[in-house]
Amino acid sequence: LGKRTEGRTPLLKEFVPLAGLDDIVFGAWDPISDDAYASAVNCGVLKPQDLEPIADYLKSIRPMPAVFDRKYVKKLDGPNVKTGESKYDLMEQLRADMREFKSANECDRLVIVWAASTEIFLQPTPVHQTIESFEQGLRDSSDDIAPSMIYAWAALQEGIPFANGAPNLTVDLPCMLELAKQ
């Protein structure tokens, strides 16, 4: 492109085939049942004048019940939470949500971005070493498996890319790398 001073600043979409905004569907899981508009207003990250033009669209985005546990995020709570017999059961519920969302919205593919709260600090343990040990940890509801790991595992099981947007241990584990390679 040359030097910046030469004024050549093409848009990224001129080089890479990006989906248009009309081709993207947004969904979410959240322990708080507010729609995306109410959540954005409450968080105060964007100014009201930036939210208002898309308020109706944001109000249409309602979160699915989340896999959430206050052991891992102590300053948050909410009633919109999945229940199950084990973390394995919760993971299977997430997989079902992913399949249902894809079907209901006629999506060709999904991408999941972890944009939730930062969880407590965890270190890798034997449960994180292999696919087998992690799945057993899910069945045993191991405390070494945080909710973000359950989402990542479910996504990988479904062949869905998962991007971790928080400094959680989530995907930096031998079992996750092994599953991703498969």
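**Close-up views of salt bridges in a predicted model**

**View 1. Arg-95 and Glu-92 form a salt bridge.** The closest N and O atoms of Arg-95 and Glu-92 are 3.5 Å apart, where a salt bridge means a side-chain nitrogen of Lys or Arg within 4 Å of a carboxyl oxygen of Asp or Glu. This is a predicted model, in which local features need pLDDT of at least 70 and side-chain atom pairs count only at pLDDT 80 or more, while totals for chains, interfaces and linings use all residues. Residues are numbered from 1 along each chain as its sequence is written, and side-chain values use heavy atoms, with hydrogens and water left out. Arg-95 and Glu-92 are three residues apart in helix α4 (residues 87-104), so about one helical turn separates them; helices (H or I, at least four residues) and strands (E, at least two) are DSSP runs, numbered from the N terminus. Arg-95 is buried at 16% relative accessible area, whereas Glu-92 is partly exposed at 26% (buried is under 20%, exposed over 50%, partly exposed in between, with a 1.4 Å probe and protein chains only).

**View 2. Glu-158 also meets Arg-95 in a salt bridge.** The N to O distance here is 2.6 Å. Because Glu-158 lies in the loop between α6 (147-157) and β2 (162-164) and Arg-95 in helix α4, the pair ties together parts that are 63 residues apart in sequence. Glu-158 is partly exposed, with a relative accessible area of 23%. Through shared partners, salt bridges join Glu-92, Arg-95, Arg-99 and Glu-158 into one network.

**View 3. Glu-6 and Arg-8 form a salt bridge.** Their closest N and O atoms are 1.8 Å apart. Glu-6 is partly exposed at 42% relative accessibility, and Arg-8 is partly exposed at 47%.
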